[in-house]
Amino acid sequence: MADLRIDLAGIKSPNPFWLASAPPTNSGYQVQRAFEAGWGGAVWKTLGEPILNVSSRFAAVSYNGQRVAGFNNIELITDRPLEVNLKEIYDTKKRFPNHAIIASLMVEPKQEKWHEIVKRVEDVGVDGLELNFGCPHGMAERGMGSASGQVPELVEKQTHWVKEVARTPVIVKLTPNITDITVTAEAATRGGADAISMINTINSLAGVDLDTWNTVPHVAGKGAHGGYCGPAVKPIALNMVAECARNPLIDVPISGIGGISNWQDAAEFMLMGATGVQVCTAAMHHGFSIVEDMIDGLNNYLDDKGIAAAMDLVGRSVLRYSDWGNLDLNYKIVAEINNDVCINCNKCHIACEDTSHQCIDLYSESDRPMLKVREEDCVGCNLCSIVCPVDGAITMVERKSAIAPMTWNERQSLIGSLSR
Amino acid sequence: MVSMTSQLDRNFVELTSRMTKNEAIEEANRCLYCYDAPCITACPTSIQIPNFIKKIASGNMKGSATTILEANPIGASCARVCPTEELCEGACVLNSSTKPIKIGHLQRYATDWAMESNVELFTKGQSNGQKVAIIGAGPAGLSAARELSRFGYDVTVYEAESKAGGLGNYGIVSFRLPNEVVDWEVEQIVKLGVDIKTNTTVGVDISADEILQQYDSVILAIGMGAVPKVGIEGEDLVGVHDAIEFVRQTKIGPLSTDFVGKRVAVIGAGNTAIDGATCAVRLGADNVKILYRRTRNEMTAYHFEFEFAKQDGVEFKWLTAPKKIIGNDAGEVVAIECIKMKLGEAGADGRQRPEEIEGSNFIIEVDAVIKAIGQTRFVSLIEAFKLKHTNGVVDIDETTMQTSHSKVFACGDVVFGNGQGEAMVVTAVQQGKDAAYRIHERLRKPSEIA
């Protein structure tokens, strides 16, 4: 049994799985049900001046029959009075003292507003604060959420204002709706953030109804962009976490968010530098009980790998992530097809023939259809093994290069030194 | 109190139900969309199977139905009667990794959509002034008619029965293929301007010569006839049935209650024997035995038909040959005398020949006997057209589909046998298409025809 506890900038929780600030953490009733189900922490749905919501708020993208491959919402921050939320946070913390409760906050970019709300939520016993600089819709039009989060100076200044009064750790939640997230992450770090979390949702329109031509979702025939999350955004989120994790100027822990659906996703985020993860869409799709396999699966994985504690995973793959210019130009892999496992769907052949490097030949051997890779033409792109529906039919194998490793950057500096 | 007839009616309702939309989409999404897919190669009509399945997944139902029916005008029937595990589904690459796509069920889902939405999928071509007569409105004839009409021919189909559809309406058991499906397929072809003259027997109502004179081309698609004599005593007793006619009766009229509680013996173990046996069970027979002079290994029925018959409670008596049918004073069947057989040397066809075990005669008490030992040929009609044939199987050039008469083409069961073709609906459909294409090619390239 591995030790699953985490400590993110001083916020402790029994496991790395927190519910993200979102509809699942709207009330004490929900958060308490989540804790009963096993969630290690919860970031309360963002507190601020209560707002008005619209009806019809969510939409999802199905892919080949798989529902909720991606999820889109136009719901705003909490629509309940602050006093009600604070009382429920107090009650929940009292019932679950060992679970992490983090208050997500969003107010106008004014010092006194931040000071006031920080004091009020800390008074009811939260374990930490998360500044919502990410919400891309509605609140942004009022100068909050991602409107603040897209301006590094505002991120830094508001983080600083919070830190002036905060007694608990401060996490700054970043928006991905920006060209380079490390810029705002650095700003948060400069502002004194104890940790950063990412990603908030990505600006999105889930679809257009082909019969009515309305947007999906729509409100009385009119739509507005929402925020995209769910499994589809995981690779985007993972890259942003990794980019921040490998940036020496961003020396604070990261809470990973974005499409995490199971323990495997969580482990990947942790390997790429996240000290724990936040989940929303998976819970909205399946209910709180999905955390059971997240905990169990992560525990079994750690045991199998002989790793004593979840925290030992954090950042173990960060050094393996770099810039393209640092990749070895002389490393060579090629596809190898095992015709005994191959089921002859020929997807590799047509993918390579039509869209890659035309190096998979179809032939037959005593009337049996066979496939073969012409290695001299194979660039090791992986496409065939990606489209192959059968495990073990295509393996990408290394071909030792006669030439010593050399990266693009090394090559350029060598050329530079020779021309001098 | 449910009447006996309505109880029997229920026994003949189509067995498999249509996929739900969810099932169809889930299954369609499982299709790998293979390149050069083996299911297409395995389909005698070469339906672009991955394409029609992809179209179900994308919600393009009209396109899906069109893809199927373009390649196979009898695609709604074939969705139900094709031995898919021997064809498309048997070839599905997923057999090696998970389980094959339910292609037949998906094809039914798409063609059912076409039936219910009643959209026009095909149109008659601009008339080219050529006239074609097709003898026989079964799968082969209808398929040829559909294609020729699209090419602009004036097509007349002569059908001896009161309805078009052939085997579909008269030979394939209702619990596999309801007549409504066949009627719809016929209707689609009639909508293309094809004139189907039913209740018109060539050789009786119109002579072969008249047809040869009146039309530019003729397609002979007359199928096969009744079950031949077994050649044993007692075949004329009351209670001895021809399996083809026996099944036909279940397709055309009110179901007979004469078999309720009766004991039935079926002679033969091909697919028609299975049809006869399972129809007998569904008509209320108490006990149905299939008598076959060889063993399970030589049986020509498909494996799934064999399994189906067993589930219906049909008994199989292997190495059992009938010697004589025994009647009572009223001339009714009361028993069948059989003899045990053993397998001897292999015959010319490579199969071991059954030999009688002397003195092993025994009697089975039965109330009815159904003969299913093959089908006779319409030799006199074939000869009326002065066509060369081999034991009633019309000789054709398999490339041109032409018979010994250059104006007459032949397809379907009439050319099946003697190593020529296969007796499946789907094969007949392809041959019908081929005959149509050959006629059309001849028109387009008259100079190349010798």
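Predicted model: local features only at pLDDT ≥ 70, side-chain atom pairs only at ≥ 80, totals over all residues.

Q: What makes strand E4 of chain A largely enclosed by the rest of the structure?
A: Seven of the seven residues of E4(A) are buried, and therefore this strand is largely enclosed by the rest of the structure. Across chain A, buried residues make up 45% of the 420 residues.

Q: Which strands close into the barrel of chain A, and in what order?
A: Eight strands close into a barrel in the order E3-E4-E7-E8-E9-E10-E15-E16 of chain A, and the pairing is parallel. Neighbouring strands of this sheet are turned against each other by 25° on average, direction ignored.

Q: What makes E9 and E10 of chain A a pair?
A: Strand E9 (residues 170–173) and strand E10 (residues 195–198) of chain A are linked in the parallel sense over three bridges, where at least two are required. One bridge can be named by its residues: A:Val172 has A:Ile196 in E10(A) as its partner.

Q: Which helix of chain A packs on this sheet, touching E4, E7 and E8?
A: Helix H3 (residues 111–123) of chain A packs on the sheet, where it touches strand E4 (41–47), strand E7 (100–105) and strand E8 (128–132) of chain A. The direction of the helix makes about 160° with that of E7(A).

Q: Why does the radius of gyration of chain A agree with that of a compact globule?
A: A compact globule with 420 residues would have a radius of gyration near 22 Å, and chain A has 24 Å, which agrees. The C-alpha atoms of chain A fill a box of roughly 80 × 65 × 45 Å, taken along the principal axes, and its secondary structure comprises 13 helices and 20 strands.

Q: Why does the radius of gyration of chain B agree with that of a compact globule?
A: For 450 residues, a compact globule would have a radius of gyration near 22 Å, and the 23 Å of chain B agrees with this. The C-alpha atoms of chain B fill a box of roughly 65 × 55 × 50 Å along the principal axes. Chain B has 17 helices and 16 strands, and buried residues make up 48% of its 450 residues.

Q: What makes the five-stranded sheet of chain B an open one with edge strands?
A: The five strands form an open sheet in the order E3-E2-E1-E4-E16, with parallel pairing. Strand E3 (195–197) and strand E16 (408–410) of chain B are the edge strands, each pairing on one side only. Neighbouring strands of this sheet are turned by 20° against each other on average, direction ignored.

Q: How do you know that E1 and E4 of chain B pair?
A: Strand E1 (residues 131–135) and strand E4 (residues 217–220) of chain B are joined over four bridges in the parallel sense, against a requirement of at least two. Here B:Ala133 stands opposite B:Val218 in E4(B). Helix H17 (residues 425–444) of chain B lies across E1, E4 and E16 of chain B, running at about 155° to E16(B).

Q: How do you know that domain 1 and domain 2 of chain B touch?
A: The domain assignment of chain B gives domain 1 (16–117), domain 2 (131–225 + 377–448) and domain 3 (240–371). Residues are in contact if their C-beta atoms lie within 7 Å, and the contact takes 13 residues from domain 1 and 19 residues from domain 2 of chain B. Helix H6 (residues 75–81) of chain B gives the most to the domain 1 side, with five residues.

How values were computed. Residues numbered from 1 in each chain as written. Chains lettered and ligands numbered in written order. Helix = DSSP H or I, 4+ residues; strand = E, 2+ residues; numbered from the N terminus. Rg over C-alpha atoms; globule rule 2.2 N^0.38 Å. Buried ≥ 20, exposed ≤ 12 C-beta atoms within 10 Å, placed from the backbone. Axes fitted to C-alpha atoms, helices over the stretch in contact; angles between N-to-C directions. Contact = placed C-beta atoms within 7 Å. Domains from an automatic or database assignment.
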